[in-house]
Amino acid sequence: MDSERDVAVFVGSLRRDSLNLKLAKTLAELASPRLKLGFVKIGQLPLYNQDDDGEMPPEAWTTFRQQVSRVDAVLFVTPEYNRSVPAALKNALDVGSRPYGKSVWNGKPGAIVSASPGAIGGFGANHHLRQSLVFLNVPAMQQPEAYVGGADKLFDTEGKLVNEATRKFLQNFMQTFASWIETNSKVLASAA
Ligand SMILES: Cc1cc2nc3c(=O)[nH]c(=O)nc-3n(C[C@H](O)[C@H](O)[C@H](O)COP(=O)(O)O)c2cc1C
């Protein structure tokens, strides 16, 4: 039987009423009980500056690095800002990637969902994020791809998903992600 896995969820938007936050909460509800999803905040992280990465890095960086180190896998749910990744999320990637040689991302299986009110569902952000994850050695699930367009039409005033086809798609996405985590965890364990 497959084990329980801790999954850190990073939401690329800091907005209170974020569509991506609603989507991330929906993904957590739809996930297999074997996946323990925990939200990791990124908005409090000071901008990465290598000068501050000596003996006494900012406490928020240290806490964040510890939170990510502990998990088995990572899930990114993000909007697209100007056809790329929001600065807050890129900053979180950078903070977790340093000091050099101590990246907390290394080898953690991952998945990306992007969402936008626009028709192409944050495709640009999704793929820019993939580019960084290649370098960070995060095996990012390729299929199903998740570019959630028209996201402003998907939730009711309580933040509940109201589109049945999207629910089925997201459920399948999380099931596949659970298998992806198992497969990659075994590959990584056998390589250790
Ligand atoms: C700075 C900024 C840049 C944006 N750029 C894009 C973009 O490139 N593509 C897109 O589809 N939407 C873009 N948007 C619109 C966002 O998709 C929209 O605001 C969305 O609701 C943000 O996600 P959230 O609801 O999770 O905060 C942009 C919004 C902001 C504030």
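This is a predicted model: local features need pLDDT of at least 70, side-chain atom pairs count only at pLDDT 80 or more; totals for chains, interfaces and linings use all residues.
Pro-144 sits in the loop between H4 and E5; helices (H or I, at least four residues) and strands (E, at least two) are DSSP runs, numbered from the N terminus. Residues are numbered from 1 along each chain as its sequence is written, and side-chain values use heavy atoms, with hydrogens and water left out.

The loop between H4 and E5 also holds Asn-137. Its phi is near 60°, a positive value in a residue other than glycine. Asn-137 is partly exposed, with a relative accessible area of 42%; buried means under 20%, exposed over 50%, and partly exposed in between (1.4 Å probe, protein chains only). Asn-82 also has a positive phi, about 50°, and is not a glycine. It lies in the loop between E3 and H3. Asn-82 is exposed, at 79% relative accessible area. A cis peptide bond joins Arg-98 and Pro-99, with omega about 0°. Pro-99 belongs to the loop between H3 and E4.

Now the sheet. Strands of a sheet pair through backbone hydrogen bonds, either parallel or antiparallel. Here 5 strands form an open sheet in the order E2-E1-E3-E4-E5, and the pairing is parallel. Two strands count as paired if DSSP finds at least two bridges between them. The edge strands are E2 and E5 (147-148), each pairing on one side only. E1 pairs with E2 over 5 bridges. Arg-5 has Leu-35 in E2 as its bridge partner. The chain crosses from E1 through H1 to E2, and this β-α-β crossover is right-handed: with the strands pointing away from the viewer, the path from the first strand over the helix to the second runs clockwise. E1 also pairs with E3 over 5 bridges, and Val-9 is partnered there by Leu-75. Because 6 of the 7 residues of E1 are buried, E1 is largely enclosed by the rest of the structure. Ala-115 stands opposite Val-148 in E5.

Helices come next. H4 (residues 123-135) lies across E3, E4 and E5, running at about 160° to E4. Axes are lines fitted to C-alpha atoms, for helices over the stretch in contact, and angles run from 0 to 180 degrees between N-to-C directions. H3 (residues 87-97) packs with H4 at an angle of about 5°, their axes 12 Å apart. That makes H3 roughly parallel to H4, a label for angles under 35 degrees. Leu-89, Lys-90 and Leu-93 in H3 meet Leu-129, Ser-132 and Leu-133 in H4; contact means heavy atoms within 4.5 Å.

What holds the interior? The largest nonpolar core has 31 residues, of which Leu-75, Val-113, Met-174 and Phe-177 touch the most other members. Such a core is a set of buried Ala, Val, Leu, Ile, Met, Phe, Trp, Tyr and Cys residues joined through side-chain atoms within 4.5 Å. Elements giving two or more residues to this core include E1 (5-11), H1 (19-30) and H5 (164-191). H5 gives the most, with 7 residues. Leaving aside neighbours within four places in sequence, Met-174 contacts Leu-27, Ala-31, Leu-35, Leu-37 and Leu-75. A second, separate core of 25 residues includes Leu-45, Ile-112, Leu-136 and Ala-140.

Technical notes:
Angles under 35 degrees count as roughly parallel, over 145 as roughly antiparallel, 65 to 115 as roughly perpendicular and the rest as oblique.
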